[in-house]
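Welcome, and thanks for taking a look at this one with us. Please keep the viewer open as you read, and follow along topic by topic.

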Amino acid sequence: MKRSFTIPSDVVSEVINGEAMLLNLSTGRYFSLNSTGAFIWRQLETHGDVGRIVGELAATYSLDERKAVEDVNALLSELTAQALITPYVGTG
């Protein structure tokens, strides 16, 4: 089963010097990401597909796939808990 996430319209972001600053306009909460987190965030902005994000992270940072899966899942859990992303629920 393919997993994807979307960024709600009330979340804004800016990547500065390789780090991402995120703001949920509904809650007023700020969240910052280091360079690896910012890389994952940019992937979420582009396509949101977890499998593809894992592959891109592993290739870019020379990680084995298991480590990339762990890192991506950990960040996705945190971003979901902070209401910065939501699981994509498609039809068909």
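A residue counts as buried under 20% relative accessible area, as exposed over 50%, and as partly exposed in between. With 45%, Thr 60 therefore falls into the partly exposed class. Do bear in mind that this is a predicted model. The briefing starts with the sheet, moves on to the core and the helices, and ends with the loops and the salt bridge.

**The sheet**

- Three strands make up an open sheet in the order S2-S3-S4, and their pairing is antiparallel.
- At the edges sit strand S2 (11-16) and strand S4 (29-33), each of which pairs on one side only.
- On average, neighbouring strands of this sheet are turned by 20° against each other, direction ignored.
- How many bridges join S2 to strand S3? There are six, and S3 covers residues 19-24.

**The hairpins**

- S2 and S3 form a hairpin with two residues between the strands, and Asn 17 takes a positive phi near 50° there.
- Asn 17 has this positive phi although it is not a glycine.
- Is Asn 17 buried or exposed? Its relative accessible area is 77%, so Asn 17 is exposed.
- The hairpin of S3 and S4 has four residues between its strands, and Gly 28 in the turn shows a positive phi of about 80°.

**The nonpolar core**

- The largest nonpolar core holds 23 residues.
- Which residues touch the most other members of this core? They are Leu 22, Leu 33, Ile 40, Trp 41, Leu 44, Val 72 and Leu 79.
- Two or more residues of this core come from each of S3, S4, helix H1 (35-46), H2 and helix H3 (65-81).

- Gln 43 belongs to helix H1, and its relative accessible area of 13% is why Gln 43 is classed as buried.
- Which residues does Gln 43 touch, not counting those up to four places away in sequence? They are Gly 48, Ile 53 and Glu 56.
- Glu 56 comes up again at Thr 60: the backbone oxygen of Glu 56 lies 2.8 Å from a polar atom of the Thr 60 side chain.
- Thr 60 itself is in helix H2 (residues 50-61).
- From C-alpha to C-alpha, Thr 60 and Phe 39 are 9.4 Å apart in space, while 21 residues separate them in sequence.

**The loop between H2 and H3**

- Ser 62 lies in the loop between H2 and H3.
- Phi of Ser 62 is near 50°, a positive value in a residue other than glycine.
- With a relative accessible area of 69%, Ser 62 is exposed.

**The salt bridge**

- Side chains of opposite charge can pair when their charged atoms come close.
- How many salt bridges does a search of the whole structure find? The search finds one.
- Asp 71 and Lys 67 form a salt bridge in which the closest N and O atoms are 2.9 Å apart.
- Both Asp 71 and Lys 67 lie in helix H3, four residues apart, which is about one turn of the helix.
- Asp 71 has a relative accessible area of 24%, so Asp 71 is partly exposed.
- Lys 67 is likewise counted as partly exposed, because its relative accessibility is 38%.

Note on methods
Residues numbered from 1 in each chain as written. Predicted model: local features only at pLDDT ≥ 70, side-chain atom pairs only at ≥ 80, totals over all residues. Heavy atoms only, no water. Buried < 20%, exposed > 50% of the residue type's maximum accessible area, 1.4 Å probe, protein only. Polar contact = N/O pair within 3.5 Å; in protein donor to acceptor, adjacent residues only side chain to side chain. Pairing = 2+ DSSP bridges. Axes fitted to C-alpha atoms, helices over the stretch in contact; angles between N-to-C directions. Core = buried A, V, L, I, M, F, W, Y, C linked by side-chain atoms within 4.5 Å. Salt bridge = Lys/Arg side-chain N within 4 Å of Asp/Glu carboxyl O. Contact = heavy atoms within 4.5 Å.
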